[in-house]
Amino acid sequence: MSAVVAPTSPEEAAQALAEATAARARVAVVGGGTRSRRGRPGPPADRELRTTGMDRVVAHEPADLTLTVEAGIAAAEVARIAASAGQAWPQAEIREGSTVGGVLATAASGRERLRAGAVRDSLLEVVIATGDGRLVTAGGRTVKGVSGYDIPRLAVGSLGTLGVIVQATLKLWPVPRARGWFGAEGTIEHRLATADRVLTGSVRPTSVLLLPGLLAVELTGPPEDVRAPEGFAPLPAAPADPAGHGLVEAGVSPARLGALARHLEEAGLRYEAWMGVGICRVAVTSADDVARVRSQALALGGHATVVDGPDDLRADPWGPEPPGVHLMKRLRDRFDPAGILNPGMLVWA
Amino acid sequence: MATTQAPATRDRFEALLDPGRVIDHPLERRLYSRDGSIAQGDCGLVVLPETTAEVVACMRLAHELRLPVVPRGSGTGLCGGAVPLDGAIVLSVARMSRILEIDPSVPCARVEPGVLNLDLSTAVAHLGLHYAPDPSSQQACSIGGNVATNAGGPHCLASGVTAQHILGMEIVLADGEVLRLGGTAPDPPGYDLRGFVVGGEGTLGVVTEITVRLSRNPPQVRTMLLDFTTVQAAGEAVGGIIAAGVIPAAMEMMDQRMVAAVEAFVHADLPVEAAAILLVEVDGTPAEVASHTAVVEEVGARTGAGRVRVARDEAERALFWKARKSAFGAVARIAPNYYLHDCVVPRTRLVEILARIYEIGAELDLVIMNVFHAGDGNLHPLIAFDRRDPEQVERVHAAGTLIIEACVAVGGVLSGEHGIGLEKRDFMPLTFNAVDLEAQACAREAFDPEGRMNPAKVLPIGSRCGEIVLDAGSLPPGTWL
């Protein structure tokens with residue numbers, strides 16, 4: 001059982017990390033714990049750093065479409081604050097219980113990515129507490145800026161291994177006037193052809209999801225635009241997430257996503273393919289399933305990582321080493337010199 | 001003073017490239033000692049590789065000889081990022097200008113870094129596609145340079161700056177190692193090195209191939225011109241449109257001096273008597289365009305816009321944009337030189353900062369004109385001057401500093417889209433403390449441990465990562481200007 005450290009400010013977090021580095025104590029960084037079952041299970045941590053005590057709203061500027069918060073604040077709370085001003089954080093996949101820091105550290109982009117972009121594009125300024133306890137601010141709070149090196153982009157998706165995200169400035173977006181989900185059924189070939197038609201037509205969808213037996217499309221905008229396209233019928237709700245023992249997220253070129261979906265459908269796996277984006281989430285029950293999805297993704301020039309699952313599914317969560325591992329190691333050495341942050345999680349860095 | 005490389009060095013590079021692609025003549029080298037900024041550098045050999053293999057060979061040789069290297073695209077950059085110092089080698093990618101692949105099924109294009117921004121959009125227009133970032137220099141600037149500076153443009157308001165449109169790249173590191181980062185498959189495992197390289201200003205390596213995301217042309221576009229009797233009213237209109245939940249595809253402001261200069265240049269029947277004009281473009285489905293247009297018209301009426309002139313057809317739309325994008329050319333009629341500034345303030349502070357900029361102009365007796373990306377608070381004060389007059393140049397410098405300080409004081413940042421380069425390097429401590437700057441130096445040093453890539457740019461002299469000092473190139477007196 002590791003000791004729990006629960007800082008209530010960025011300064012306290014930095015202090016706790018400086019002490020952990022001095023003691024060479026391994027630190028598990030935990031936000032809301034909704035995405036903690038990822039990466040390779042490391043050696044047991046000596047300390048657990050919980051970020052949820054850092055939950056202040058630092059600045060909300062609705063007219064500037066920016067929101068600065070401490071990173072332990074619930075992502076759902078951020079969504080509520082934004083909604084109160086008719087705004088949203090559409091790039092993020094917001095789960096009940098998730099923190100802003102957790103969403104960013106895991107690069108959890110949401111289903112609106114086709115139109116809204118990736119969550120890494122929404123982070124304007126970040127403050128991280130490095131492994132050795134420095135508080136580093138990078139980026140800038142304006143909606144646009146190229147001041148210095150893009151450390152915010154390094155922090156997003158780094159799983160806390162370069163530093164703990166303690167504060168973030170997010171770029172918000174106006175909420176569309178209307179939105180709705182629509183579905184079309186049919187064979188996979190029919191659904192793929194329909195997806196292609198929707199993506200290249202005049203509809204401008206927010207999301208096009210291919211699922212077993214269903215093509216689901218979300219439309220947003222003026223009410224006149226949120227109507228069932230030809231061949232579609234309204235859906236009562238957004239499709240449920242593929243759930244299983246574990247979840248694999250594959251990334252392939254959007255041009256090859258249909259080929260991946262055909263394989264998955266043949267293999268009888270439950271999946272959700274984000275058409276036009278190239279992401280495919282697959283419910284898996286065994287290491288064999290992981291290997292099957294990964295071999296298909298690799299054959300199509302992509303990759304597949306285990307993003308959720310018990311330890312036995314995460315012996316090899318990442319697959320082949322990505323290019324530039326030596327640069328990643330050097331970056332890690334410079335931000336977390338004692339290697340105390342989530343050790344082993346990234347395997348090669 | 002320009003230093004000539006030892007002949008032996010030239011011979012070594014000539015053995016790698018044809019003699020015609022290694023430039024050592026002092027007059028020709030002089031052409032490479034500047035970029036689109038007002039900085040004057042000191043250029044050593046210029047090498048013009050045509051393939052990645054040739055870039056690798058050049059970088060390996062530079063590594064062996066421990067020579068600093070400055071990558072260069074079209075040389076249109078405005079912050080001195082491509083200006084060589086101390087006789088550094090300039091590696092120009094201008095001859096790497098092929099579009100290698102266009103894949104409408106992604107849609108994306110794979111290009112060499114010397115491909116010009118507008119040429120790419122022109123090449124994919126028949127597919128109903130375009131490359132979204134559109135700097136005003138898009139006829140001349142290269143995609144490689146856009147990647148180096150994380151370039152913006154009017155249409156980045158809704159669609160995002162360069163970083164959001166770069167899917168992958170091939171980069172040659174300082175020691176000649178080649179890496180392929182990112183690609184059409186999203187979110188590869190590990191740190192986002194691809195995203196970090198964008199905006200790296202040539203200090204992380206030489207980008208030799210780029211995969212860019214292409215965007216589908218919107219079904220409908222409407223471009224509107226609004227004129228106002230005060231700059232304040234124009235600023236209120238900008239805020240009002242955003243507050244109504246509309247992010248236009250582009251929202252550009254021009255003040256009276258700028259409008260007058262542009263009108264004399266392009267004859268677009270612009271309202272030269274207006275204190276400020278707004279160019280607002282909305283796009284999307286017909287319903288979106290109708291709904292956004294209604295908001296623009298309503299806000300315009302509420303904030304006192306004289307009238308909303310809608311571009312009647314594609315020709316008039318093109319004319320409006322020509323007026324906007326030839327603003328800098330138009331200034332040549334007013335003064336021989338101009339200094340184009342770039343900074344960002346929170347959108348809500350636009351009016352106040354413009355007032356301060358006019359004050360600064362009056363205090364220093366300088367003509368300052370404004371044409372800028374109002375929608376995202378990205379200002380471009382333009383100071384007309386004559387560089388032959390040293391005293392005037394002094395005042396231009398002073399004005400630049402005052403403008404930066406004023407922007408930072410209201411919560412702004414040093415640059416919106418031009419970059420830091422040489423121009424703003426020494427202002428970095430205004431927005432970052434020593435710990436922040438050290439972290440940036442360390443991230444840079446991870447890519448280039450010897451600090452030979454575009455030295456002395458971005459970070460202030462003396463920036464260090466631990467014990468390593470990253471200022472291999474010194475700034476000769478009078479280099480900046």
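The model is predicted. Its largest nonpolar core holds 216 residues. Helix H9 of chain A and helix H16 of chain B cross at roughly 155 degrees.

**Nonpolar cores**
- Seven names stand out in the core of 216 residues, as they touch the most other members: Leu104(A), Ile128(A), Ile165(A), Val212(B), Ala237(B), Ile277(B) and Leu278(B).
- Val212(B) touches Cys108(B), Ala109(B), Val111(B), Tyr131(B), Ile143(B), His165(B), Ile166(B) and Leu167(B), leaving aside residues up to four places away in sequence.
- Another core, of 45 residues, lies apart from the largest one. Among its members are Leu192(A), Val198(A), Ala216(A) and Cys280(A).

**Helix H3 of chain B**
- H3(B) runs over residues 52–65, which makes 14 residues.
- From first C-alpha to last, H3(B) reaches 20 Å, close to the 20 Å expected at 1.5 Å a residue.
- Buried residues in H3(B) are Glu54(B), Val55(B), Val56(B), Cys58(B), Met59(B) and Ala62(B).
- Arg66(B) follows H3(B), and its phi is positive, near 60 degrees.

**Helix pair H9(A) and H16(B)**
- Two packed helices are described by the angle between their axes and the distance between the axes.
- Angles over 145 degrees count as roughly antiparallel, so H9(A) is roughly antiparallel to H16(B).
- The crossing of H9(A) and H16(B) is right-handed.
- On the H9(A) side, Leu327(A), Arg330(A), Leu331(A) and Arg334(A) take part in the meeting. On the H16(B) side, the partners are Cys442(B), Ala443(B), Ala446(B) and Phe447(B).

Methods:
Residues are numbered from 1 along each chain as its sequence is written. Chains are lettered from A and ligands numbered from 1 in the order in which they are written. This is a predicted model: local features need pLDDT of at least 70, side-chain atom pairs count only at pLDDT 80 or more; totals for chains, interfaces and linings use all residues. A nonpolar core is a set of buried Ala, Val, Leu, Ile, Met, Phe, Trp, Tyr and Cys residues joined through C-beta atoms within 7 Å. A residue is buried if 20 or more other C-beta atoms lie within 10 Å of its own, exposed if 12 or fewer, and partly exposed in between; C-beta atoms are placed from the backbone. Two residues are in contact if their C-beta atoms, placed from the backbone, lie within 7 Å. Helices (H or I, at least four residues) and strands (E, at least two) are DSSP runs, numbered from the N terminus. The expected span of a helix is 1.5 Å times one less than its number of residues. Axes are lines fitted to C-alpha atoms, for helices over the stretch in contact, and angles run from 0 to 180 degrees between N-to-C directions. Angles under 35 degrees count as roughly parallel, over 145 as roughly antiparallel, 65 to 115 as roughly perpendicular and the rest as oblique. A crossing is left-handed if the near helix is turned anticlockwise from the far one by less than a right angle, and right-handed if clockwise.
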